[in-house]
Amino acid sequence: MGSLTKIVVFLYVTSAVLCTPFINQLQPGQEWPKRNSVKQPNAEESLDLTNEVVTETEDAAEFDKAALEEPQPTLGKSGKVDYTGCQVWKVSTAKAGAKAVINKLSSDKLIASWGGSESSIDVLIKPKVIENVTTVLKSKDIPYSIMIEDLQQRINEENPPLDENEIELQDRRGHRMTWKQYHRVEDIHGFMDYLAETYPSIISVNTIGKSHEGRDLKVLRISDGKSTNKAVFIDGGIHAREWISPAVVTYLINQFAENFDVETDDIKNIDWYFLPVVNPDGYEYTHNTDRMWRKNRKRYGIGFCYGTDLNRNFGYHWGGKGASSYPCSEIYRGEAAFSEPESKAISNFFATTATKFTAYLTYHSYGQYLLYPWGYDNTLPPDYKELQSVGEEIAESIRKAGGSEYTVGSSSGLLYSAAGGSDDWAKSLGIKYTYTIELSDTGRHGFVLPASYIKPVAKENLAGLRVLAQKVNEA
């Protein structure tokens with residue numbers, strides 16, 4: 001009877017997933033001009049920078065993130081996962097033995113990781129086990145604080161519908177993006193096509209591949225076509241539940257597109273490539289079924305194991321620390337490097353383009369971190385001092401623009417080791433300025449940042465991007 005129940009639930013969840021209809025692909029405003037530069041190496045031909053790395057003298061103890069598996073969620077009457085009563089706690093890991101306790105709780109499926117640093121970890125706790133977890137932490141004298149009292153309430157309040165005036169304005173504007181709401185893939189792609197049609201002299205849109213479920217992976221380029229331009233690649237939405245990421249990336253696109261004529265030379269002298277939603281299947285799934293879904297939607301084996309963590313699937317030190325070989329894990333690395341169509345499309349793009357990129361930015365959430373390689377181990381690239389210095393300048397511009405404090409450091413040194421990340425892979429291609437930017441906030445809202453934060457977060461990060469543009473032009 002238990003197996004039959006699982007099959008019925010599986011079919012019910014599957015039937016609840018609504019596929020967003022695709023929009024028509026508009027003709028790009030212009031073809032992307034060929035460059036006279038050397039092609040980027042592919043994953044197999046990556047530059048080996050490990051011979052010159054500087055190793056930290058003391059590796060901080062790290063908990064086994066691969067053990068932190070997602071507890072089975074409850075399916076509500078709407079066909080969506082119901083998080084009523086679920087809480088998010090920030091648990092200190094400073095005390096000796098605390099990480100071992102957290103690992104035990106996670107292996108017993110009592111908690112699931114949202115994120116963390118070397119001093120604390122944010123965990124999701126289902127209502128039925130709150131008392132048990134409380135007892136364990138108090139008995140071990142491990143401090144914690146409750147960040148979110150009821151996750152479902154936060155989800156319900158996160159993305160309110162637009163008022164009638166805003167809906168009317170959408171029709172006059174020609175696209176549906178507002179940055180007052182988290183929009184679906186259809187709106188994002190429609191916005192990109194609208195810009196290509198409206199500003200054909202500087203903007204074009206190309207599809208570089210398809211997701212597992214067949215959705216387009218659309219890249220928008222902003223360029224005045226000068227052969228002397230530098231190039232920057234920016235992506236978002238690798239992790240499905242991190243809604244603020246595509247929202248910020250599309251805001252950056254809009255600012256440059258609408259104001260290109262009056263932009264500074266630092267902006268105009270760069271070819272900007274944007275891929276706002278790397279994981280469109282997972283992103284849609286978070287809107288339709290499970291708000292907390294992280295991975296893509298490729299099914300593995302039999303049963304309920306879906307998805308690969310795309311940020312563990314890139315081909316530089318793939319399969320190492322902080323990446324799980326268990327398909328049900330939140331940090332499942334995939335069957336092989338670039339086994340997923342989404343990561344493979346990015347790899348193919350870089351392998352075949354003649355454009356020589358000077359910077360690669362990938363936007364995530366949350367925590368307010370500005371991270372540079374390496375993530376695969378607690379080591380540093382040879383130019384880490386420059387990456388730290390530029391990162392600190394970017395962080396300072398963000399602080400001045402909006403007040404948010406971003407912490408700068410290497411991924412593994414500041415947070416934890418995570419092999420197979422897109423930033424490590426991009427750095428291995430020889431791309432000078434490579435950063436992962438973990439957007440707001442620091443835990444009060446976590447992954448369910450209210451839509452009212454979109455513009456403030458985007459505006460301060462635009463200020464940071466201007467600093468990077470200056471550095472790119474000087475490189």
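Helices (H or I, at least four residues) and strands (E, at least two) are DSSP runs, numbered from the N terminus.

## Basis of the description

The model is predicted: local features need pLDDT of at least 70, side-chain atom pairs count only at pLDDT 80 or more, and totals for chains, interfaces and linings use all residues. Residues are numbered from 1 along each chain as its sequence is written, and side-chain values use heavy atoms, with hydrogens and water left out.

## The annotated position Glu438

An unreviewed UniProt entry lists Glu438 under "active site"; UniProt positions are given in the numbering used here, feature names are shortened, and annotations may be inferred rather than shown by experiment. Glu438 is placed in strand β16 (residues 433–439). It counts as buried, because its relative accessibility is 13%; buried means under 20% relative accessible area, exposed over 50%, and partly exposed in between (1.4 Å probe, protein chains only).

Contact means heavy atoms within 4.5 Å. Not counting residues up to four places away in sequence, Glu438 touches His364, Ser365, Tyr366, Gly367, Gln368, Tyr369, Leu371 and Tyr406.

Strand β11 (residues 270–275) is largely enclosed by the rest of the structure, because 6 of its 6 residues are buried. Ile270, Trp272 and Phe274 point one way from β11, while Asp271, Tyr273 and Leu275 point the other way. Strands pair if DSSP finds at least two bridges between them. β9 (residues 216–222) runs antiparallel to β11 and is joined to it by 3 bridges, with Leu220 partnered by Phe274. β10 (residues 230–236) runs parallel to β11 with 6 bridges, and Ala231 has Asp271 as its bridge partner.

A nonpolar core is a set of buried Ala, Val, Leu, Ile, Met, Phe, Trp, Tyr and Cys residues joined through side-chain atoms within 4.5 Å. The largest such core has 62 residues, of which Ile222, Trp272, Phe274, Tyr363 and Tyr435 touch the most other members. Apart from it lies another core, of 25 residues, including Leu310, Ile346, Phe349 and Ile431. Beyond four places in sequence, the residues touched by Phe274 include Met192, Ile222, Ile234, Val249 and Phe256.

## Helix α3

In helix α3 (residues 130–139), the buried residues are Ile130, Val133, Thr134 and Leu137. They lie on the same side of α3, because they cover an arc of only 100 degrees around the axis, the arc being that of the directions from the helix axis to the C-beta atoms. Exposed residues Glu131, Thr135 and Ser139 are carried on the face turned away from this buried side.

The cover over the buried residues of α3 includes β4 (87–92), α2 (98–107), β5 (111–116), β6 (120–125) and β7 (144–148). Asp141, which follows α3, has a positive phi near 55 degrees.

## The buried Arg291

Arg291 is found in the loop between α9 (280–288) and α10 (341–352), and at 4% relative accessibility it counts as buried. Its side chain reaches the backbone oxygen of Arg241 at 2.9 Å, and a polar atom of the Arg291 side chain lies 2.7 Å from the backbone oxygen of Phe447. Neighbours within four places in sequence aside, Arg291 is in contact with residues including Ile155, Glu158, Trp243 and Val448.

Definitions and conventions. Polar contact = N/O pair within 3.5 Å; in protein donor to acceptor, adjacent residues only side chain to side chain.
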